[in-house]
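Subject: Structure handover

Hello,

Here is the structure we talked about. Please open it first, then read on for what was found.

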Amino acid sequence: MKSNYAYDDGLFHITEIFDSIDGEGKRTGFMAVFLRLAGCNLRCNYCDTAYSLTLEDTAEALTEEEVIRRIHGYPWKRLTITGGEPMLHPLHHLCRTLGQEGYDINIETNGAVPLWRERPEGVFYTMDFKCSGSGMKSHMNPDNFKLLNGGDVLKFVVSSKEDLDEMKDVVEHHFTAARHPQFFVSPVWGRIQPDKLVNISYGQFRPIDTNETREGRARNRRVEILMIDEGASVRSLNEYYEEYSSGKNADRTVVTTGQPMDTGHGFAPAEPDQDGVSASMSPLKNSAEKGPAENETPSGGAAGTMAE
């Protein structure tokens, strides 16, 4: 019988296995094991893993038992399966076995391959939506949207105002306030000027969930990212926020998540929380450009909520 998977010869074609600090998504800052599989069905023009696009990039071909032994060689119970495109490989049984062992499994997938309708225990998806700037938008599978839940991540890699408009369209037309994944945005380095992006974070100061549990604190780590139109002048955070709150540019503003990386706009990194993660920014006490008052409600939604 013909396999449903593009790469199914009884072996897993692996580019690399390693452990590292997770650098993106909802597990940012946590140690994880990374299993990178060779072969991808897309050719995004900003791809940063071009060394894992075809089976010729295979460094070693292992049986499922050998892969599990290698994963067991690391002390972490968080596993990220990435690529290439991992969903082109027969991963279901491997994930079911590791899920039963208590692994928290993140499958990073490109949005062009069907997701499992019945996923194993412990699996969540970090699924990309390839906007026009990638050159691969026509390959996206919209049926996958229906299979994402609140524990999954939908990531938009954006390189232009057009990409952000497409992101807003996807969020508004495929999800509701009652059913949606967590939304993340990743700007393409070199294509969007840093001064056209403004981050305002509310994680520790305007919680949308309890801070008494790890899950609640994870939901509370969120950042509003405003992309300023080309040619617009850069102003203070308060001016941007007041303009957004007025509704003047609501049709062109998308609220999403991320981690601010600098302090150029009057915000400074907060101390790590009790989970060891510093993912929010607190207003500088002596800054002339402070963020909105802490007792205000953030307008337009937050990470994991709909842009209104």
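Which side chain meets Asp143 in a salt bridge? The partner is Lys146, at 3.8 Å from N to O. Asp143 is partly exposed, with 41% relative accessibility. Lys146 is exposed, at 57%. Elsewhere, shared partners join Glu24, Asp128, Lys130 and Lys155 into one salt-bridge network. Please keep in mind that this is a predicted model.

**Salt bridges**

The count is twelve salt bridges. One of them pairs Arg36 with Glu16, with the closest N and O atoms 2.7 Å apart. Arg36 lies in strand 2 (residues 31-37) and Glu16 in strand 1 (residues 12-21), so this bridge ties together parts 20 residues apart in sequence. Arg36 is buried, at 10% relative accessible area. Glu16 is partly exposed, at 25%.

Another salt bridge joins Lys137 and Glu166, where the closest N and O atoms are 3.5 Å apart. Lys137 sits in the loop between strand 6 and strand 7, and Glu166 in helix 3, so the two tie together parts 29 residues apart in sequence. Lys137 is partly exposed at 35% relative accessibility. Glu166 is buried at 10%.

**Aromatic rings**

There are five aromatic pairs. Phe129 and Phe145 form a tilted one, 6.1 Å from centre to centre with 35° between the planes. Phe129 belongs to strand 6 (residues 123-130), while Phe145 is in the loop between strand 6 and strand 7 (153-158), 16 residues apart. Both count as buried: Phe129 at 8% relative accessibility, Phe145 at 4%.

Phe145 also pairs with Phe175. Their ring centres are 5.6 Å apart and their planes stand at 70°, so this pair is edge-to-face. Phe175 lies in the loop between helix 3 (161-174) and strand 8 (182-187), 30 residues from Phe145. Phe175 is buried too, like Phe145. Ring pairs link these residues into a cluster of Phe129, Phe145, Phe156, Phe175 and Phe183.

The charged end of Lys26 sits over the ring of Phe124, 4.0 Å from the ring centre.

**Cysteines**

Cys44 counts as buried, at 14% relative accessibility. Cys95 is also buried, at 0%.

Best wishes

Notes
Residues are numbered from 1 along each chain as its sequence is written. This is a predicted model: local features need pLDDT of at least 70, side-chain atom pairs count only at pLDDT 80 or more; totals for chains, interfaces and linings use all residues. Side-chain values use heavy atoms; hydrogens and water are left out. Buried means under 20% relative accessible area, exposed over 50%, partly exposed in between (1.4 Å probe, protein chains only). Rings of Phe, Tyr and Trp (its six-membered ring) pair if their centres lie within 6.5 Å; planes under 30 degrees apart count as stacked, over 60 as edge-to-face and the rest as tilted. Helices (H or I, at least four residues) and strands (E, at least two) are DSSP runs, numbered from the N terminus. A charge sits over a ring if NZ of Lys or CZ of Arg is within 6 Å of the ring centre and within 35 degrees of the ring normal. A salt bridge is a side-chain nitrogen of Lys or Arg within 4 Å of a carboxyl oxygen of Asp or Glu.
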